[in-house]
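Open the model in your viewer and keep the sequence panel beside it. This tour goes stop by stop: select, look, move on.

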Amino acid sequence: MKVKSIEEIKAVLQPIADEMNIELVDAEFRQGHSPSLTVYIDTDGGVDLVTCERFHRAIDGPLDELDPTFGAAYTLNVSSPGLDRPLKTPRDFEKCRGERVEVKLFAPLKGKKFFEATLLGLDGGCVLLSSEDGEIKLELNRIAKINRAIDLDDLE
């Protein structure tokens, strides 16, 4: 199935998100037996079902006008990115500054491809971390995934 680019879809959704004080985190299109467009949103207070439903209703018409699938049927989903969402944008890194993060690398660093550290910040194209081995400066292109470290005891 032919689909428009995620950048084109986001360009239509971003003004609506801005107007509703919602952060447009990401969007992805999954093809296959049941094609779907999933839009991930966040707010400073977190995301609940009511927020997802409100945003879904607000973007439904503009997406119909954009016609991202050139007339083919698809399912539209609006969701929270979840607690363990990957950090992607400068805002993500800023919001998590000082927190424990899990880092998964494409290639080992000092024999490790996975470790936990404290996020110190983002400096251009590099992530600044503090770990048991000291401070680390890693280029973003070396990181396969970085996300908040989830401590299940904190969720109680």
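**First stop: two loops**

Select F70, in the loop between α2 and β3. Helices here are DSSP runs of H or I with at least four residues, strands are runs of E with at least two, and both are numbered from the N terminus. This is a predicted model: local features need pLDDT of at least 70, side-chain atom pairs count only at pLDDT 80 or more, and totals for chains, interfaces and linings use all residues. Residues are numbered from 1 along each chain as its sequence is written, and side-chain values use heavy atoms, with hydrogens and water left out.

Check the backbone of F70. Its phi is near 55 degrees, a positive value in a residue other than glycine. Most residues other than glycine have a negative phi. F70 is partly exposed, with a relative accessible area of 44%. The classes are buried under 20% relative accessible area, exposed over 50%, and partly exposed in between, with a 1.4 Å probe and protein chains only.

Now select K110. It sits in the loop between β4 (100–109) and β5 (112–123). K110 also has a positive phi, about 50 degrees, and is not a glycine. K110 counts as exposed, because its relative accessible area is 66%.

**Zoom out**

Show the whole chain as a cartoon. There are 3 helices and 8 strands. Along the sequence they run α-β-β-α-β-α-β-β-β-β-β. The C-alpha atoms fill a box of roughly 55 × 35 × 30 Å along the principal axes.

Switch to the surface. The accessible area is about 9,400 Å², and 49% of it belongs to carbon and sulfur atoms. These areas come from the Shrake-Rupley method with a 1.4 Å probe; for residues, only the protein chains shown count as cover. Of the 156 residues, 34% are buried.

Contacts come next; a contact means heavy atoms within 4.5 Å. Among contacts with a separation of 6 or more, 52% join residues 24 or more positions apart.

**Into the cores**

Which residues touch the most other members of the largest nonpolar core? Select L37, V39, F55, I59 and L63, out of 19 residues in that core. Elements giving two or more residues to this core are α1 (6–19), β1, β2 (36–42), α2 (49–66) and β3 (75–79). Helix α2 gives the most, with 5 residues. A nonpolar core here is a set of buried Ala, Val, Leu, Ile, Met, Phe, Trp, Tyr and Cys residues joined through side-chain atoms within 4.5 Å.

Stay on I59. Beyond residues up to four places away in sequence, I59 touches L13, I16, V39, L76 and V78. Another core lies apart from this one, with 15 residues, including L105, F115, A117 and I146. In soluble globular proteins, nonpolar side chains tend to be buried together.

Select S131 in strand β6 (residues 126–131). Is S131 buried or exposed? It counts as buried, because its relative accessibility is 15%. Leaving aside neighbours within four places in sequence, S131 contacts E116, A117 and I136.

Select N147 in strand β8 (residues 143–148). N147 is buried, at 5% relative accessible area. Not counting residues up to four places away, N147 touches D84, R85, P86, L87, V101 and E102. Draw a C-alpha distance from N147 to V25: the two are 122 residues apart along the chain and separated by 14 Å.

Select Y40 in strand β2. With residues up to four places away set aside, Y40 touches E23, L24, V25, D26, E28, S79, S80 and P81.

**Last stop: the pockets**

Finish at the largest pocket, with a volume of about 200 Å³. Select D42, S80, P81, G82, L83, R85, L87, D92, K95, C96 and R148 to see its lining. A pocket is an open set of points, on a 1 Å grid over the protein atoms alone, where a 1.4 Å probe fits, with protein on both sides within 12 Å along at least five of seven lines; lining residues have an atom within 4 Å of a point.

Definitions and conventions: Points joined across faces, edges and corners; volume = space filled by probe spheres on them.
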